[in-house]
Amino acid sequence: MTEQEFWNLIYKKAESEFKKDLIRKTFAPQIADPMCKAIDSKDKSDLLEKLHREWLEYQKRQNDIIQAYLKMLGN
């Protein structure tokens with residue numbers, strides 16, 4: 001994760017908290033609570049997806065390194 005991606009996550013979290021606060025002030029609790037939970041779920045899903053992509057990229061880099069090493073041994 002780059003520094004810019006880290007700061008983007010922080011800004012996204014702050015934006016989500018602002019939205020949830022606005023929702024809680026605007027809607028009745030029985031409406032606001034599910035809306036806020038949906039925002040939290042989306043944030044968690046986005047983070048999990050990002051971590052999964054990074055893990056796949058890491059695995060690919062590891063595989064590329066191994067393949068290059070094996071190719072070097074074969075020469």
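Reply: Of the 75 residues of the protein chain, 11% count as buried. This is a predicted model, and the accessible surface of its chain comes to about 6500 Å², with carbon and sulfur atoms supplying 63% of that area. The secondary structure consists of two helices and zero strands. The radius of gyration is 20 Å, well over the 11 Å that the globule rule gives for 75 residues, so the chain is more spread out than a compact globule. Along the principal axes, the C-alpha atoms fill a box of roughly 70 × 25 × 5 Å.

The part you ask about is helix α1, which covers residues 3-26. Its 24 residues reach 35 Å from the first C-alpha to the last, close to the 34 Å expected at 1.5 Å a residue.

On the covered side, S16, K20 and I23 are buried in α1. An α-helix has 3.6 residues a turn, so residues three or four places apart point the same way. The partner is α2 (29-74), against which the buried residues of α1 pack.

E5 also lies in helix α1. With a relative accessible area of 29%, E5 is partly exposed, since partly exposed covers the range between under 20% (buried) and over 50% (exposed). Apart from neighbours within four places in sequence, the contacts of E5 are with K50 and E54.

F6, likewise placed in helix α1, has a relative accessible area of 43% and is therefore partly exposed as well. Patch membership requires over 30% relative accessible area and no salt bridge, and F6 belongs to a nonpolar surface patch. The largest share comes from α1, with five residues.

To put the pieces together, α1 has buried residues that pack against α2, these being S16, K20 and I23. The helix also supplies five residues, the largest share, of the nonpolar patch. E5 and F6 are each partly exposed, at 29% for E5 and 43% for F6.

Notes
Residues numbered from 1 in each chain as written. Predicted model: local features only at pLDDT ≥ 70, side-chain atom pairs only at ≥ 80, totals over all residues. Heavy atoms only, no water. Helix = DSSP H or I, 4+ residues; strand = E, 2+ residues; numbered from the N terminus. Expected span 1.5 Å × (residues − 1). Buried < 20%, exposed > 50% of the residue type's maximum accessible area, 1.4 Å probe, protein only. Contact = heavy atoms within 4.5 Å. Patch = residues over 30% accessible without salt bridge, like charges linked within 9 Å, V, L, I, M, F, W, Y side chains within 5 Å. Areas by Shrake-Rupley, 256 points an atom, 1.4 Å probe, with all protein chains shown as cover. Salt bridge = Lys/Arg side-chain N within 4 Å of Asp/Glu carboxyl O. Rg over C-alpha atoms; globule rule 2.2 N^0.38 Å.
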